[in-house]
Structures are given as C-alpha cells and as structure tokens.
Amino acid sequence: MSSRITCEVRRTAPVAVVRLTGALHLGTMRSVHQALNDALVDQPEALVIDMAEVSVEDRLALSVFAAAARRAEEWPAVPVVLCAPSPVAARWLAESTTCRAVPVTADCAEATRMAGATLRMRTRLEPVAEACRRARDLVTDACARWNLPNASGPAALVLSELVGNVVRHAGTPMQVTVTLRRPYLHLAVVDGSSAQARPGGTDLHAEGGRGLMLVRELTQRWGSVPAGQGKAVWAMLPAT
C-alpha cells in the first residue's frame, strides 16, 4: 500500500481545482482533508476535486469528500464536485450513502459547468465602529438585489453582531461575505484571530457577551472554523 498522495491546488478564479495524485486510503485521507480545507480558505465559487490520478484503496476513505462537502456547505457556502474517478471509485461513490450527495462528473470541464455561479457579495472592513453599519448596508443591498425582503432585517442584525464581535475581540481587518445558496442565506466574517468565537455567559446584567447568543437564536446554524491564520465565523438563515 502506497503511503503518499499529493494535492495540487489550482486557484483559477473563480473555481479552485484540487488535483489528487497517488493512493487514497485511511492513511492518506488526513492529507487530503487538510488540502481541501486549505483550498476553501480563499472562498472560491466552487471546489472541484480531480480524481483522474487517484487509486482508491479503501472505500471508507471516500468519506473525506463528504466531510469536505459538509464543511463547504456551511462555509464558504460553495458546491463541491468530484470529477474523473476510476470506474471502481465511481461505483463505490454511488454505493456510499455518505458520498451520494456529492456530484460526480466525467471531467473537470463538466464539473466546473455543474458547479454554476454563486450569488455573492463581499467587502473588506477595518475593525472600527463604522464597520457594523457597513455590514448592515451590505446585507441589505444583497437582499434587495436578490429579492429577499423577509431575510433583510434578521440577516442585517446577525451580520452586525458577527462584525461587532471582531471589532470588540479580534481587532483585525476582516472580510465580510453574503452568499445566496437556496434555501439559505449565508453570512461569514473572516478575521485574523485564531481564537474561536463562543457565546458568552447568561448573566443578563453583563455589559456584553450576548451577541453570539443572539446569533444562535436568529439563525438556522452558525459556527466558527479555522481559516488560514485566523478564523471564519459563519451563519445560515432561511432565504425567504
């Protein structure tokens, strides 16, 4: 059993293509998992995984692709598409309940077309008080453009809290992103602090710390994940 696999990432805007070469099994899937996570940090429009040069030696290792797709669904809210698997790997993917939701295509060109365009607006903000207002304006403009009047108010409040958390605690420049992938509106803030975001306590008399509790109550899901040298804090709301 080969112990090596290489992961070449081609960041050809707007799609990131990860080309795998070597043997995929339980011993190499961690390297693949890290490469896929690294490719997501730049928030591409889609993540295409080229399996043309991969020998799958353990069908359980294919679960790494399902894990990447679940991560990408939450943040940065992009599709993950597999392309050019071997006939054996393609059969195992089709038989796997964990991987069945990940589309499989014959080649990278078809995978890129299948990924489609993502509706997204983004901006970079400095950690100043004005950043919260600019974040609200961004999500309000996005909801107006995408005809989501009911989501505008809650989304603006949630994004303002996410940005305010960076201003108060991380104190670094941030990238703010609003993405529409129905049925959800996805909000994300990437900052330069590796400290994961966590809700504060339940002391109602405290002066702060309740912003992320509000985020938790207003969203379908939210979370905090490493992103490069910092972190991404993301949230999902129904796109109505």
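A crossing of two helices is called right-handed if the near helix is turned clockwise from the far one by less than a right angle. This tour of a predicted model begins with a pair to which that term applies.

**First stop: two helices**

Select residues 29–40, helix α1, and residues 63–74, helix α2. Their axes come within 10 Å and cross at roughly 25°. Angles under 35 degrees count as roughly parallel, and α1 and α2 are therefore roughly parallel to each other. Their crossing is right-handed. To display the contact, show the side chains of Met 29, Val 32, His 33, Leu 36, Asn 37 and Leu 40 on α1, together with Ser 63, Val 64, Phe 65, Ala 67, Ala 68, Arg 71 and Ala 72 on α2. By class, this contact of α1 with α2 has nine nonpolar, three polar and one charged residues.

**Second stop: the largest pocket**

Remain with α2, which gives the most to the lining of the largest pocket, with four residues. The pocket holds about 300 Å³ of space. Next select Ala 69, Glu 73, Val 78, Ala 101 and Arg 181, which are the closest to its centre among the 17 lining residues. Strand β8, residues 184–191, also supplies at least two residues of this lining, as does α2. The lining divides into eleven nonpolar, two polar and four charged residues.

Proceed to the loop between α2 and β4 (80–83), where Pro 76 lies. A cis peptide bond joins Trp 75 and Pro 76, with omega about 10°. Ala 77 lies in the loop between α2 and β4 as well, and its phi is near 65°, a positive value in a residue other than glycine. For comparison, most residues other than glycine have a negative phi, and most peptide bonds are trans.

Keep Trp 75, Pro 76 and Ala 77 selected, for they are among the residues that line the largest cavity. Strands β7 (174–181) and β8 each supply at least two residues of the lining. By class, the lining has six nonpolar, four polar and two charged residues.

**Last stop: between β7 and β8**

Finally, select Pro 183, in the loop between β7 and β8. The peptide bond from Arg 182 to Pro 183 is cis, with omega near 15°.

Terms used: Residues numbered from 1 in each chain as written. Predicted model: local features only at pLDDT ≥ 70, side-chain atom pairs only at ≥ 80, totals over all residues. Heavy atoms only, no water. Axes fitted to C-alpha atoms, helices over the stretch in contact; angles between N-to-C directions. Parallel < 35°, antiparallel > 145°, perpendicular 65-115°, else oblique. Contact = heavy atoms within 4.5 Å. Nonpolar A, V, L, I, M, F, W, Y, C, P; charged D, E, K, R; others polar. 1 Å grid on protein atoms, 1.4 Å probe; cavity = no way out; pocket = protein on both sides within 12 Å on 5 of 7 lines; lining within 4 Å. Points joined across faces, edges and corners; volume = space filled by probe spheres on them.
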